[in-house]
Amino acid sequence: MPLITNDGQRIAALRGDSMYFAGIDIGSATTKVVIMNGSTDGKILTSILGPTGPEHRRLVNRVMEEALGHVDLSLDDLTYIVATGYGRISVPFADKQITEISCHARGIVSLFPTAKTVIDIGGQDCKGIKIAGGRVQNFVMNDKCAAGTGRFLEVTAEALGLTVEQIGPISLRARSSVKISSVCTVFAEQEIVSRLAEGVPVEDILAGVHDSIAARVYGMIERIVVEKDVVLTGGGAKNVGLRRAIEDKLGYPLLIPPEPSLTGAIGAALLGAELARKAAERGQPVGGKSRHLAEATFFT
Amino acid sequence: MVLASCLAPSGGNYRLAAEQVIRQALQEAALDLEDLDNTVATGFGAANLPFRSRQVTEISCQGKAINHLFPSARTVIDVGGQQTRVISLDGDGRAVGFAVSEKCAAGSGRFMQVIARVMQISLNEIGPLSVKSANPVSFSTGCAVFAESEVISRIAEGWSKEDILAGVHNAVAAKIYNLVLRVRLQPECAITGGGAKDVGLIKAVEEKTATSLLVPEAPQLTCAYGAALMAMELV
């Protein structure tokens, strides 16, 4: 549905359903795109999750094209596009770039209005976000060290000849959790290999690995004071073993979004909708630059 | 005077490794175990000697050894396989301060091993290759795991192995430098441990510290040498 345009600028109608919003979350490991329709907590029309990679950052337009293809829309049909994540500057057609902290918080709040603490375990980083009144109150992050991130899980899986998808379920079968004393991924990998050579059951080793990540993450988020309800999100939330380990540390259950990888992109789209609505209420144009799908040329 | 020395990987079993090297060294020196008057054990696995011995910290042993070899040394950088230490010495070789890398592989020999493995280059080649670089890669991370991915990306982008290795050495040198700052560099400065066999690392650390480094002939053995010197004093 084409937008009303006036002098090349888009003026959003206040009516809900004819507006479409997109959130793009370019993470260090994966890129997520969500397109939703325009009501307050809009329905997701399509979503895409793909590997970021060094090439993909320049080619985020292709991911966008694919998403648009799913819903038979063109770029200009989108009222507002918000980019977030590590690679958000490489989205030239975005109307705004917003930090992933704000986007994850917004996405989580839309799914779990009672959420006060968010734990986000990404491919190469992990974050803790404190929410109050629907807004980010505090946050803490580790992106310097592989410990506590999805990378640790990948290294573990590889050391044991398993896939990342397998290690969570297998860890739940453990009789007893083996203590992994190294925080560092490199040294922990060594411990894993040694334990395996000693004949320790794989499930016990895996339980120990997941406990180690949970301890690392918990140590980090304690700094922002953990309060219920606690939501676990990011790619790491798909790992049932990690959920179990963190719940053990907390002493109560976690809330898990149905699509943990997408909460950033969902939040981005929702924030875009809010910005568009505010602009429309003030009679201001939305966005304002003409867009085209093109490679970012400035990204190195 | 050193009669014999032996070096072997610790492997998973420290006791076994200790027995093996002792046996070999004694053989080379044409001595029996009973001929030893005193033994001092040091290092991570020091408690695993198959017989009674004194245990002394690596920091004290390195200080002793370096003071013996280089009496003018007041700072020692010990780059081990898993940990790096920087030690401040007084004129008698006693440690008056030190900084140790925490539970992190960055800044230790392990970082080099991880990268050497992914580049499929042997550890004794990485140094000589790296010094040939004219344009070192700049790494955005200090973490060995993330650096491994960056190395793979740089290879895919066509960077030369010399430039990648120079960048890796610079990254490790940067971590070492952070440790040096914690004890404050006093000249002269020596470098030892397995990392001191790497000419690329020596060059990178010299550049970072703006100092020229004293390097022992057998850097992997200085700690044991220091322990032997300590044992001599026990008599």
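Start at A:G133 in chain A, which takes a positive phi near 55 degrees in the hairpin of β9(A) and β10(A), where 2 residues lie between the strands. Strands here are DSSP runs of E with at least two residues, helices are runs of H or I with at least four, and both are numbered from the N terminus. You are looking at a predicted model, in which local features need pLDDT of at least 70, side-chain atom pairs count only at pLDDT 80 or more, and totals for chains, interfaces and linings use all residues. Residues are numbered from 1 along each chain as its sequence is written, while chains are lettered from A and ligands numbered from 1 in the order in which they are written.

**The sheet around the hairpin**

Now select β9(A) and β10(A) together: they pair in the antiparallel sense over 7 bridges. Two strands pair if DSSP finds at least two bridges between them. Look for A:A132, which stands opposite A:R135 in β10(A).

A hairpin of 4 residues connects β8(A) to β9(A). Along this pair, A:I121 has A:C126 as its bridge partner, and A:D120 stands opposite A:K127.

Bring in β11 to see the open sheet of 4 strands, ordered β10-β9-β8-β11 (chain A), with mixed pairing. β10 (135-142) and β11 (230-233) of chain A each have a single partner strand and stand at the edges, so one side of each lacks a neighbour in the sheet. On average, neighbouring strands of this sheet are turned by 15 degrees against each other, direction ignored. Axes are lines fitted to C-alpha atoms, for helices over the stretch in contact, and angles run from 0 to 180 degrees between N-to-C directions.

How much of β9(A) is buried? Of its 7 residues, 6 are buried, so β9(A) is largely enclosed by the rest of the structure. Buried means 20 or more other C-beta atoms within 10 Å of a residue's own, exposed means 12 or fewer, and partly exposed lies in between, with C-beta atoms placed from the backbone.

**The helix across the sheet, and the domains**

Select helix α3 (residues 100-111) of chain A, which lies across β8, β9, β10 and β11 of chain A and runs at about 60 degrees to β9(A). Contact requires C-beta atoms, placed from the backbone, within 7 Å.

Then colour chain A by domain: domain 1 is 5-104 + 262-281 and domain 2 is 114-256, with bounds from an automatic or database domain assignment. Their centres, taken over C-alpha atoms, are separated by 29 Å. Between them, 8 residues of domain 1 of chain A are in contact with 13 residues of domain 2 of chain A. On the domain 1 side, α3(A) gives the largest share, 3 residues.

**Across to chain B**

Show both chains: the contact takes 15 residues from chain A and 13 residues from chain B. On the chain A side, α4 (150-159) and α6 (185-197) of chain A are the elements that give two or more residues. The largest share, 5 residues, comes from α6(A).

For the last stop, centre on B:A190 in strand β6 (residues 189-192) of chain B. B:A190 is buried, with 26 other C-beta atoms within 10 Å. Leaving out residues up to four places away in sequence, B:A190 touches B:I66, B:F70, B:A73, B:V76, B:L213 and B:L214.

How values were computed:
Two residues are in contact if their C-beta atoms, placed from the backbone, lie within 7 Å.
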